[in-house]
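Subject: Structure handover

Hello,

Here is the structure I said I would pass on. My notes on what was found in it follow below.

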Amino acid sequence: MLEIRGLSRWFGGHRVLSTVDLDLAAGAATAVVGPNGSGKTTLLRCVAGLDRPDEGEVRLDGLVIDETDPRVRSAVAGVLDDVDFFPDLSVVEHLELLAYAHGAPDPATAGEVLDALGLRAARDQLPATLSSGQRRRLALASCFVRPRRLLLLDEPEQRLDTAGRAWLADRLRAEKAAGHAVLLASHDPVLVAAVADDTLALGE
Ligand SMILES: Nc1ncnc2c1ncn2[C@@H]1O[C@H](COP(=O)(O)OP(=O)(O)OP(=O)(O)O)[C@@H](O)[C@H]1O
């Protein structure tokens with residue numbers, strides 16, 4: 001489903017990614033690991049089409065990734081960097097809006113995802129009133145209310161408590177079982193061991 005070939009990225013004179021190759025199939029997960037500054041976020045941003053490689057290419061189903069292509073936007077769900085929320089929309093309104101915008105078929109999904117992520121009690125709160133962990137849960141929830149075939153997650157374990165991390169591992173295994181591909185950058189060896197079929201080590 002996802003192919004990365006010879007991807008390199010420089011910032012100024014600094015080569016951050018050097019001829020990275022990766023194949024990720026439907027129903028599989030690859031974890032991108034490596035120390036701070038090794039290029040994990042940069043790689044995920046190139047896959048999302050938010051940044052462009054200086055060399056090499058990223059293909060989804062054989063098509064070069066272009067984030068303005070509706071086929072790419074409908075296939076790729078992700079949490080990269082800090083997520084911006086609409087300040088005047090409640091938790092449940094965010095999820096319903098996203099589901100609606102992506103033509104999600106089942107209106108019950110937002111409620112199920114709220115329950116799964118422990119956000120039911122916060123459903124009517126505005127993002128500014130959430131804790132940092134709850135905001136992270138809302139960002140993750142946004143991925144699961146919409147259709148998706150490839151999940152891109154940059155350190156999804158960040159700010160999650162122990163129960164949240166366990167839920168995340170179970171959820172990502174369920175995503176794989178549903179035939180979705182998962183590319184995650186992570187510093188959590190427990191999550192990586194629980195979810196990933198392969199690891200791509202950067203900065204070595
Ligand atoms: N827009 C940019 N301009 C200049 N340098 C950048 C830019 N984006 C990233 N870098 C540099 O590229 C390197 C890799 O950054 P990146 O965020 O991809 O690392 P990372 O592996 O995700 O790190 P962390 O584990 O800390 O999240 C760093 O040295 C960073 O300073």
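Strand 3 (residues 29-33) pairs with strand 9 (residues 198-201) in the parallel sense, over four bridges. In that pairing Thr-30 stands opposite Asp-198 of strand 9. Please keep in mind that this is a predicted model.

Strand 3 also pairs in the parallel sense with strand 8 (residues 181-185), again over four bridges. There, Leu-184 in strand 8 is the bridge partner of Ala-31.

Is strand 3 mostly covered or mostly exposed? It is mostly covered, with five of its five residues buried. Both of its faces are covered: Ala-29, Ala-31 and Val-33 are buried on one side, and Thr-30 and Val-32 are buried on the other.

Next, the nonpolar core. The largest one has 54 residues, and those that touch the most other members are Val-47, Leu-95, Ala-141, Leu-150 and Leu-183. Helix 5 (residues 132-144) gives the most to this core, with six residues. Apart from its neighbours within four places in sequence, Leu-95 is in contact with Ala-110, Val-113, Leu-114, Ala-141, Ser-142 and Val-145. In soluble globular proteins, nonpolar side chains tend to be buried together.

Last, the ligand. The residues around it are Phe-11, Val-16, Gly-34, Asn-36, Gly-37, Ser-38, Gly-39, Lys-40, Thr-41 and Thr-42. By type, this shell divides into two nonpolar, seven polar and one charged. Helix 1 (residues 40-48) gives the most to the shell, with three residues.

Regards

Technical notes. Residues are numbered from 1 along each chain as its sequence is written. This is a predicted model: local features need pLDDT of at least 70, side-chain atom pairs count only at pLDDT 80 or more; totals for chains, interfaces and linings use all residues. A residue is near a molecule or strand if its C-beta atom, placed from the backbone, lies within 6 Å of it. Helices (H or I, at least four residues) and strands (E, at least two) are DSSP runs, numbered from the N terminus. Ala, Val, Leu, Ile, Met, Phe, Trp, Tyr, Cys and Pro count as nonpolar, Asp, Glu, Lys and Arg as charged, and the others, Gly among them, as polar. A nonpolar core is a set of buried Ala, Val, Leu, Ile, Met, Phe, Trp, Tyr and Cys residues joined through C-beta atoms within 7 Å. A residue is buried if 20 or more other C-beta atoms lie within 10 Å of its own, exposed if 12 or fewer, and partly exposed in between; C-beta atoms are placed from the backbone. Two residues are in contact if their C-beta atoms, placed from the backbone, lie within 7 Å. Two strands pair if DSSP finds at least two bridges between them.
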